[in-house]
Amino acid sequence: MQYLAQDLMLLALNPQTGKIHFAASSALRYSLMGTVLLDLVLQGKLTIDNNHLMVANASTTGDEFLDQCLNEVVAAPGSRSVKFWISHWSRKYSSFPKVVLHSLVDLGVLVKQEHTVLWLFPVQRYFLTDESIQRAIVNQVRAAVLENIRLDGRTAVLISLMKTCHLTNTVFTSEELPEARSRIQAIANGELVGKAVSQIIATAQTAMIAAISTSAASSSSSSSNQ
């Protein structure tokens, strides 16, 4: 796929149910916004300096939504942290998961089906038109993790996003998990990718986890006060 968000969504989608894997449900919204930030970094539009986003090149990306996010960073008074932007965009663009799903429908990768629960509540399911597209992404991740190869930055970033969304168990078998987790940790430590890429991954992953934790704590507090 063209964008990290599309790859991550396809990793998170259960092809049998047409729904997001339950394990990824709480982290996916923040991780998808993380893909926007990381796509901008990988395109050379933004850089990360001391956990803050800095503008490197404000020219258009060719994508309306990426440009919108980039322009927000350009217009911001002073630099803001990576965590700030992920949290801010996750709140402002809370419908972004649906936007990603609809982009995959428009590409012909998914087909949307609507149902009702108890003849009253509408629900949407998204099914693959060709399972080989999802399988190719899964196989790319599996090969990168299980085979002793040096990774490109984009694949390393996708693997870190998979981990943040708790999707490791859906991509690897129980027998493969010990080796897979060891390799994924090595990627996070920068042993299999360049130092610059590993620092980007570490900063973004820390920010996403912090944003997820803050949201969970806020939700828990709101529930306890009701």
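**Aromatic pairs, a helix contact and a sheet**

Tryptophan 85 is buried, with a relative accessible area of 3%. I begin with this residue, and I note at once that the model before you is predicted. The partner of tryptophan 85 is phenylalanine 84: the two form an edge-to-face aromatic pair, 5.1 Å from centre to centre, with 80° between the planes. Phenylalanine 84, by contrast, counts as partly exposed, because its relative accessibility is 27%.

How many aromatic pairs does a search of the whole structure find? There are 4. One of them joins phenylalanine 65 and tyrosine 93, whose ring centres lie 4.9 Å apart; their planes stand at 75°, so this pair is edge-to-face. Phenylalanine 65 belongs to helix α3 and tyrosine 93 to the loop between α4 and α5, so the pair ties together parts 28 residues apart in sequence. Both of these residues are buried. Together with Phe96, they form one aromatic cluster.

I turn next to two helices. Helix α6, residues 131–146, packs against helix α7, residues 153–164, at an angle of about 100°, and their axes are 10 Å apart. The angle therefore makes α6 roughly perpendicular to α7. On the α6 side, the contact is made by Ile137, Gln140, Val141, Ala144 and Val145; α7 contributes Thr155, Leu158, Ile159 and Met162. Of these contact residues, 7 are nonpolar, 2 are polar and none is charged.

Finally, the sheet. It is open, with 3 strands in the order β3-β4-β5 and antiparallel pairing. Which strands lie at the edges? They are β3 (46–49) and β5 (80–81), each pairing on one side only. Strand β4, residues 52–55, is joined to β5 by 2 bridges, and histidine 52 has serine 81 in β5 as its bridge partner.

Technical notes
Residues numbered from 1 in each chain as written. Predicted model: local features only at pLDDT ≥ 70, side-chain atom pairs only at ≥ 80, totals over all residues. Heavy atoms only, no water. Pairing = 2+ DSSP bridges. Helix = DSSP H or I, 4+ residues; strand = E, 2+ residues; numbered from the N terminus. Axes fitted to C-alpha atoms, helices over the stretch in contact; angles between N-to-C directions. Parallel < 35°, antiparallel > 145°, perpendicular 65-115°, else oblique. Contact = heavy atoms within 4.5 Å. Nonpolar A, V, L, I, M, F, W, Y, C, P; charged D, E, K, R; others polar. Phe/Tyr/Trp six-rings, centres within 6.5 Å; stacked < 30°, edge-to-face > 60°. Buried < 20%, exposed > 50% of the residue type's maximum accessible area, 1.4 Å probe, protein only.
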